[in-house]
Protein chains: 2
Amino acid sequence: MDCNSVGLVKPQTFTFGTRDDPLILESGHSLGPVDIVYETYGVPNEDRSNAILILHALSGNHHAAGYHDPRDREPGWWDGMIGPGKAFDTSHYWVICSNIIGGCKGSTGPLSIDPGSGEPYRLQFPVVTIGDMVNAQKRLIDHLGITRLHSMAGGSMGGFQVLEWLLRYPEMVRSAICIASAARLSAQAIAFNSVGRTAIIRDPEWKEGRYTGKGPEQGLAIARMVGHITYLSELLLDTKFGRRLQSADQFSYNFTSEFAIESYLNYKGSTFTQRFDANSYLFITKAMDYFDISRSYGPLKHAFARVLARCLFVSYSSDWLFPTSQTKEMVSALLSNGKPVSFIEIDSPYGHDAFLVEEDKLARILSGFLKGMDVEVAA
Amino acid sequence: MDCNSVGLVKPQTFTFGTRDDPLILESGHSLGPVDIVYETYGVPNEDRSNAILILHALSGNHHAAGYHDPRDREPGWWDGMIGPGKAFDTSHYWVICSNIIGGCKGSTGPLSIDPGSGEPYRLQFPVVTIGDMVNAQKRLIDHLGITRLHSMAGGSMGGFQVLEWLLRYPEMVRSAICIASAARLSAQAIAFNSVGRTAIIRDPEWKEGRYTGKGPEQGLAIARMVGHITYLSELLLDTKFGRRLQSADQFSYNFTSEFAIESYLNYKGSTFTQRFDANSYLFITKAMDYFDISRSYGPLKHAFARVLARCLFVSYSSDWLFPTSQTKEMVSALLSNGKPVSFIEIDSPYGHDAFLVEEDKLARILSGFLKGMDVEVAA
């Protein structure tokens, strides 16, 4: 644990919608009670105006920084960005990260008990949208006594949530950072998600979602393998793995995973099944597929007219899942509304995963943006 | 049937290696007897110097042009390119296309009877390479009394075979056309193939390859879906499908395939299982993964020193599976050896599949190249 770590942290749970105030979903369904598991780092100032909300991506969760136990081998997923002296400087800011609804890490999702049946929801869990996730987060932010967030940040699906916040609760967001994201999921990305869901649903162990125990491990592993290829750039795969064989000089002339890239994907697939729920993967990828600002709020230029926050958009040169062109489209729409927006494309070989991997470059940019915000607030 | 069709055609079978002359594979295994199923279009000239060999890709076969039956709804897979007056003009050339070994369309492969056991080979079929496929084709070409091919052409894995021909039998190839291909399969392409094989192998219906009847349909469909995404460009997916729903205006809020791109992939996956054998898919993708000119023949510049043919290389602007950069690498290696080589990148939105879809553009270029060859031969 380095001296810039937030140290030991403990997840907390906020529950709402227990009685007559459930979460009304975009589908028309009501969801309640709803648990939101979250962590906070740093301390609130007197008027709670120093809060920064962190939004996680598909396989992330509320544990963004620090350790749950001194014996943990890995800290939270964005630990390089959150802590004293880091980009999200916990000596100044009160940083909050919550698990999305539909997830499998504690917030209400398909693994939770359906109060109607007393059994886990499984496929009876309603299909939720990115907007629903944000509405649930709004309840948490209200509960924490925050009237306006100093900033918020998220990459990939986390960026989708940033955008929904900007459009649903514009007056509650002073500044926002949207990384490696887009105003809608592309047909190609829907296609890859669809293959992943198909692999899960056609795994006989899925059993219409009513698996117990390990469940559709093979299907989930295949879904993760497909996803993982899309998170990395071709250049990175070439440089990191190329055509290297895993453990021999000679071809095996059989169907074992002999190339290093094959072993790597197998490993990524199988470790994922140990930490993620297959039904949750269905729900979250579906929420991503449904995400389309224009469908909900009209053409981008019109939609973004309501944004009140100062925005920073970040894309990565080798990200082919959420290419820079998709970020530029949003930046243009904001600019044409005369909104204050910054944009940078970071040169990186790491593809879509860069925001989780190359933290140094990103940290410098985010620090600068947040310092500029502080000056603005003080002035 | 248009007047430029080759009309009704009948596949033929050439068998070799029945006794003491089996095919010795790169793995060291012997394979025999070997059936090669092939079709020919046009007629040989007196000295059989007008032969053009067509090499098919992963899911192709020997049926490249014409019809097997007047009631066939579709002609052969490259019918737009082969026929009287077409690029491969059957009024001048004798065009030949054979099914690769390891395939499932008649040439010896995992569905064939293993003479040792009297049962189908299945997984007892030896892993074959692109070089092995070409060695088998060489036997056919010898059998047909051809000492030198006027030309040969292939796209994707067909291009791999073109390259092996150029390097194994340089004196037998007067000219060659290599389309949307590369000197080796990239790590990213191996990764996608590996996911496809994993989906097949982990399908419980695969049964270590000893399935009967339908077999691992779900796994094979998933493999094809993944493959199909890589054959198309992001732009094409956006233009052709975008975020359009298949049959409704409203979201279904369930896990049916509601986006048009999902329906399309499902359709492509399920029709493929009706026409392709899952074990064959394993063998052919493995042969692709193994393909690497540098591993077999040394650095490209050194390897290509032996090429004697006039070559044409074609790539497509939106092909991200076999990008233009990979073609340029080969062209440079030939040029630095002072070899006669032409190269064109065709501007197309169709991605890797363009060579099968946008036949008009390709036909004009190939016609020109072949006419130039005719002038050269006549001179």
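The model is predicted: local features need pLDDT of at least 70, side-chain atom pairs count only at pLDDT 80 or more, and totals for chains, interfaces and linings use all residues. Residues are numbered from 1 along each chain as its sequence is written, chains are lettered from A and ligands numbered from 1 in the order in which they are written, and side-chain values use heavy atoms, with hydrogens and water left out.

Chain A and chain B bury about 5,100 Å² between them. Over all chains there are 30 salt bridges, and six of these cross the interface of chain A and chain B.

**Interface of chain A and chain B**

- Contact (heavy atoms within 4.5 Å) involves 58 residues of chain A and 58 residues of chain B.
- Carbon and sulfur atoms give 66% of the buried area, which is the accessible area (1.4 Å probe) that two parts lose on being put together, summed over both.
- In chain A, the residues that lose the most area to chain B are A:R243, A:Y253 and A:F255, together 17% of what that side buries.
- Polar contacts link 30 residue pairs between the two chains, both residues at pLDDT 80 or more. A polar contact is a pair of N or O atoms within 3.5 Å; within protein, one must be able to donate a hydrogen and the other to accept it, and residues adjacent in sequence count only if both atoms are side-chain atoms.
- On the side of chain A that touches chain B, the elements giving two or more residues are α3 (187-201), α4 (217-231), α5 (234-240), α6 (260-275) and α7 (278-290) of chain A. Helices (H or I, at least four residues) and strands (E, at least two) are DSSP runs, numbered from the N terminus.
- α3(A) gives the most to that side, with 11 residues.
- The residues of that side divide into 30 nonpolar, 14 polar and 14 charged. Ala, Val, Leu, Ile, Met, Phe, Trp, Tyr, Cys and Pro count as nonpolar, Asp, Glu, Lys and Arg as charged, and the others, Gly among them, as polar.

**Salt bridges**

- The rule asks for a side-chain nitrogen of Lys or Arg within 4 Å of a carboxyl oxygen of Asp or Glu.
- B:E258 and A:K286 form a salt bridge at 2.7 Å, N to O.
- B:E262 and A:R197 form another at 2.9 Å, N to O. B:E262 lies in helix α6 (residues 260-275) of chain B and A:R197 in helix α3 of chain A, so this pair joins two chains.
- Both B:E262 and A:R197 are buried. Buried means under 20% relative accessible area, exposed over 50%, and partly exposed in between (1.4 Å probe, protein chains only).
- A:R184 bridges to A:D292, with the closest N and O atoms 3.4 Å apart. A:R184 is in the loop between β10 and α3 of chain A and A:D292 in the loop between α7 and α8 (293-297) of chain A, 108 residues apart.
- A:R184 is partly exposed at 22% relative accessible area, whereas A:D292 is buried at 11%.
- A network of salt bridges links A:R184, A:D292, A:E329 and B:R243.

**Strands**

- Five of the five residues of β10 (residues 175-179) of chain A are buried.
- A:S175, A:I177 and A:I179 point one way from β10(A), and A:A176 and A:C178 the other way. In a regular strand the side chains alternate between the two faces of the sheet.
- Strand β9 (residues 151-155) of chain A runs parallel to β10(A), joined by three bridges. Strands pair if DSSP finds at least two bridges between them.
- In chain B, six of the seven residues of β11 (residues 310-316) are buried.
- β11(B) runs parallel to β10 (residues 175-179) of chain B over five bridges, and B:S175 stands opposite B:R310.
- β11(B) also pairs in the parallel sense with β12 (residues 341-346) of chain B, over six bridges.

- Most residues other than glycine have a negative phi, and most peptide bonds are trans.
- The peptide bond from A:G32 to A:P33 is cis, with omega near -5°. The bond from B:G32 to B:P33 is cis, with omega near -5°.
- A:S156 is not a glycine, yet has a positive phi of about 60°. A:S156 lies in the loop between β9 and α2 (157-168) of chain A and is buried at 8% relative accessible area.
- A:E208 has a positive phi near 55°. A:E208 sits in the loop between α3 and α4 of chain A and is exposed at 51%.
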